[in-house]
Amino acid sequence: MQVEAHALNTASVHLTPLPLRVVPSPEHHARHKAQARTPGGDVDFLTGLASRARFEDELHRSLEEIAAGTRQGTGVLFLDLDRFKRVNDTLGHAVGDDLLRLVSDRLRGELHPDDVLARLGGDEFAILLANAPDPVALAQLSQRLIDLVQRTYLIEGHVVHVGTSIGIALAPQNGVSARELLRRADLALYESKNRGRGAFHFFEDEFESKALSRRDLEMQLRKAIVLRQLAMFYQPQVSVETGAITGFEALLRWRHPERGLLLPGDFMLLAEEIGMTLPIGEWVLRTVCAEAKKWPDNLVFAVNVSAQQFEDTAFAASVERALSKAGLPGHRLEIEVKEDVLLRNDPSVPETLHALQRMSVRVTLDDFGTGVASLSQLARLPFDKIKIDRSLIAMESADPRNRAIIRAVSALGQSLGICTHAEGVESLEHLQRVRSDGCHSVQGYYYSEAVPADQITQLIDKLKHLNTSTE
Amino acid sequence: MANDLYRIVYCSRNLIDEHSTSTTHDAELESILNASRVNNRSVDVTGALLFNREYFAQVLEGPRTPVETTFERIQRDRRHGEVTVVENGFAGARDFPEWAMAHAAPASGQMEDGICATLQLALLQPSANGEDVLLLMKDLVIQD
């Protein structure tokens, strides 16, 4: 208890002395102080904010006042922290708790004294507005909250970063019952997270129908593997020097009975939410290894792996199982990971990279140049190949800065023994450009789109022909 | 550990209204310096502040807890943004022992470009350029 009190003290040295400013009456104040001692009371012990129970009480009261005509309206903001779990996992719960307190203080500082700020649990916060909200002001407030929360934290010598997403529902416009309002704020929050996080959204009616169709899709995705609706498509990768096929990138498709051919972007986020990334990932590995086994020993098959999958401690073992089940030697398989794997700084990442290396499985850094990966990280970790993102290739004007990046990456790759590969090569002009910039291999529509497994033979023939005709 | 000498260096972008006249702008900066001197003295934090129309850079040194608390207060100040910590860690000795908050002021207008370039680089690649920012500020304070 003493430890807790001390921690709360240090965190609030220069802050609001009272954890809660919404105190309608002395009686109420006495009541909530008393309840604060009991679990499930009015106050969230960790942050000093209102508890979920208190928040719901206040919301009911506000809605009653709206119904009685004594209040014009109110608004509910739901917030949750992006990347909070990562902080807890890597820096420990004590740092995680400090972070929650600092976030609470930053939020509190931006609000009206009569707004109710609550921690609903974990890294979820909610705000109940004291005054009938003006949408423009509310949008500005949301933007300010997002900006403040995503600013750097220094905690116990660690530099910590999180972000926040916000969903907003207004009463009476979006609902007059607490349940409806909370659900709609939650749907708006989902929308914010779904659109890349660090954003806010006001509830819109279409979120309801989206939620329904998401639930349909979820039911269908759960059955897709069993119903054999998932399929791998293969896009050839070609050596710049010889024009020969060096291998294929395997790309996941879902042949949806009503919606047609779906790309990973259409359903993998959903898969992650419902915990299906790992089973789908296993299926992909098994399927691609079995397919690769049918083709000559010099063709390498590349599989895309999500950060979540790659960080799973059992990932290397599942690769080993897939290889041995198919009887495929490790050098025939390539694992592609995106830059976000590096960003997470997870201790399991270098271990997994080295375990794959021991099996002779190659590892490619995908979509390089779109985000955060730095050249120094390339030098530190054992990648075999860098895939330069299509956005750097596609520029019609061949932006000199992009070309400078491609050249620099190629040169660095050369000195580190890492191959560079260009994606999105769509024309002879693209091909010639990336060749002169030092890339080793390419893929893109210039050669072929991704095709189903049963068209690989045909594709190989076609590319042989293209080769002879351009020579 | 918490009482060992701790130092952070950060850079940020100056968001004080760009349309403000240079007198009000300077007055704002003067008030930032004064406030930080008052706050820091009471908690044994020393350091230096560098600013121009585009950037801030600040060194804070002292026991770790007050340094982190001071940083948190600064972090919430909406007169700057893109706050980027370019260096943090325990230090052997204070670089600005005599200053609750030294004003690292460029000696002449000619240096302005060099300062902007250093801070811009630091914002882009914090880990690689922290040392440079600290050296720059030590330089400016000593000249001052």
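**Helix and interface**

Modeller: This is a predicted model. Helix α3 of chain A covers residues 52-68, 17 residues in total. Its first and last C-alpha atoms lie 24 Å apart, close to the 24 Å expected at 1.5 Å a residue.

Biologist: Which residues of α3(A) are buried?

Modeller: An α-helix has 3.6 residues a turn, so residues three or four places apart point the same way. The cut-off for buried is under 20% relative accessible area. In α3(A) the buried residues are A:Arg54, A:Phe55, A:Glu58, A:Leu59, A:Ser62, A:Leu63 and A:Ile66.

Biologist: Which residue with a positive phi follows α3(A)?

Modeller: Its phi is near 80°. The residue that follows α3(A) is A:Gly69.

Biologist: How much area do chain B and chain A bury between them?

Modeller: The contact involves 17 residues of chain B and 18 residues of chain A. Carbon and sulfur atoms account for 52% of the buried area. The area buried between the two chains is about 1,600 Å².

Biologist: Which residue of chain A forms a salt bridge with B:Arg78?

Modeller: Three salt bridges are counted between chain B and chain A. In the one made by B:Arg78, the closest N and O atoms are 3.4 Å apart. That is within the 4 Å cut-off. The partner is A:Asp147.

Biologist: Which element gives the largest share of the side of chain B that touches chain A?

Modeller: The elements giving two or more residues there are β1 (5-14), α2 (64-75) and β4 (80-90) of chain B. The largest share is seven residues, and it comes from α2(B).

Biologist: How many charged residues does that side of chain B have?

Modeller: By class, five are nonpolar and five are polar. The charged residues number seven.

Key
Residues numbered from 1 in each chain as written. Chains lettered and ligands numbered in written order. Predicted model: local features only at pLDDT ≥ 70, side-chain atom pairs only at ≥ 80, totals over all residues. Heavy atoms only, no water. Contact = heavy atoms within 4.5 Å. Buried area = accessible area lost by both parts, 1.4 Å probe. Salt bridge = Lys/Arg side-chain N within 4 Å of Asp/Glu carboxyl O. Helix = DSSP H or I, 4+ residues; strand = E, 2+ residues; numbered from the N terminus. Nonpolar A, V, L, I, M, F, W, Y, C, P; charged D, E, K, R; others polar. Expected span 1.5 Å × (residues − 1). Buried < 20%, exposed > 50% of the residue type's maximum accessible area, 1.4 Å probe, protein only.
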